[in-house]
Amino acid sequence: MPFSPKRIAVFGASGAIGSAFAQECLDRYGTAKVFCFARSPERVPKHDRIESHAFSLEDLEGLQGNAEALKAVGGLDLIFVATGQLHSATAKPEKTMRSLSIASMEETLHTNTILPAMIMKHFLPLLPKHKKAVFAAISARVGSVSDNYLGGWYSYRASKAALNMLIRCAAIEIQRTHQSSVVVGVHPGTVDSDLSKPFQRNIPEGQMMRPAKSAAMLLDVISKVDQSQTGKCLAYDGTEILP
């Protein structure tokens with residue numbers, strides 16, 4: 001039976017991939033309701049089946065109230081976490097260990113690892129126990145230890161590798177109570193977004209995707225995942241990225 005979620009939560013819904021994913025869900029699932037969480041709710045797509053909520057990295061425990069409210073009205077079938085940071089005004093990808101700093105490492109790990117972990121904590125229990133449901137979080141190919149031949153980008157690589165471990169742990173735990181749920185990391189490819197913009201000059205022609213294409217391919221992967229893939233990290237084309 002095709003996966004057809006009726007209640008979907010998208011975190012980071014004001015970003016390039018998050019907003020495109022929310023729109024793809026609206027287009028693909030004609031009766032689904034999409035709960036969008038973003039630091040800038042005004043940038044979330046406008047639609048009568050979208051319900052927008054503000055959330056902040058500084059108020060992680062505020063997620064609990066949102067989770068309780070959604071639980072009271074029926075829970076969720078699909079959770080998509082599109083939050084992430086490669087660079088900011090105060091944190092840059094480190095090309096060498098000489099560039100490492102506690103402050104920038106903490107900022108990157110907070111966004112890429114701790115925030116998704118807190119979303120897992122509060123929202124994974126909202127998935128149904130006896131039918132297919134999916135939790136998917138944006139990870140990255142550079143989070144693979146076995147695939148790292150270039151080095152650099154210390155904090156970003158470490159934060160995504162740690163996220164992949166959290167996904168694996170959550171997948172194991174959730175199987176004890178939600179046998180039909182799947183928990184995965186997903187790699188969106190190289191997407192034309194604020195995250196990739198400073199590095200786009202080094203990207204070979206033809207390798208960059210528009211957000212809408214990436215979102216559609218990710219939703220294709222999510223719709224097809226099964227129990228054999230829970231806990232893994234999958235690329236936008238469905239192939240597994242090894243740890």
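**View 1. The salt bridge between K131 and D77.** K131 counts as partly exposed because its relative accessibility is 47% (buried means under 20% relative accessible area, exposed over 50%, partly exposed in between; 1.4 Å probe, protein chains only). D77, at 9%, counts as buried. The closest N and O atoms of the two are 3.7 Å apart (a salt bridge is a side-chain nitrogen of Lys or Arg within 4 Å of a carboxyl oxygen of Asp or Glu). This is a predicted model, in which local features need pLDDT of at least 70 and side-chain atom pairs pLDDT 80 or more, while totals for chains, interfaces and linings use all residues. Residues are numbered from 1 along each chain as its sequence is written, and side-chain values use heavy atoms, without hydrogens and water.

**View 2. The salt bridge between D220 and R28.** Their side chains meet at 2.8 Å, N to O. D220 lies in helix 5 and R28 in helix 1, so the pair ties together parts 192 residues apart in sequence (helices are DSSP runs of H or I, at least four residues, numbered from the N terminus). D220 is partly exposed at 32% relative accessibility, and R28 is partly exposed at 29%.

**View 3. The salt bridge between E240 and K232.** The N to O distance is 3.6 Å. E240 is partly exposed, with a relative accessible area of 37%; for K232, also partly exposed, the value is 30%. Elsewhere, salt bridges that share partners join E24, R28 and D220 into one network. The structure holds five salt bridges.

Definitions and conventions:
Helices (H or I, at least four residues) and strands (E, at least two) are DSSP runs, numbered from the N terminus.
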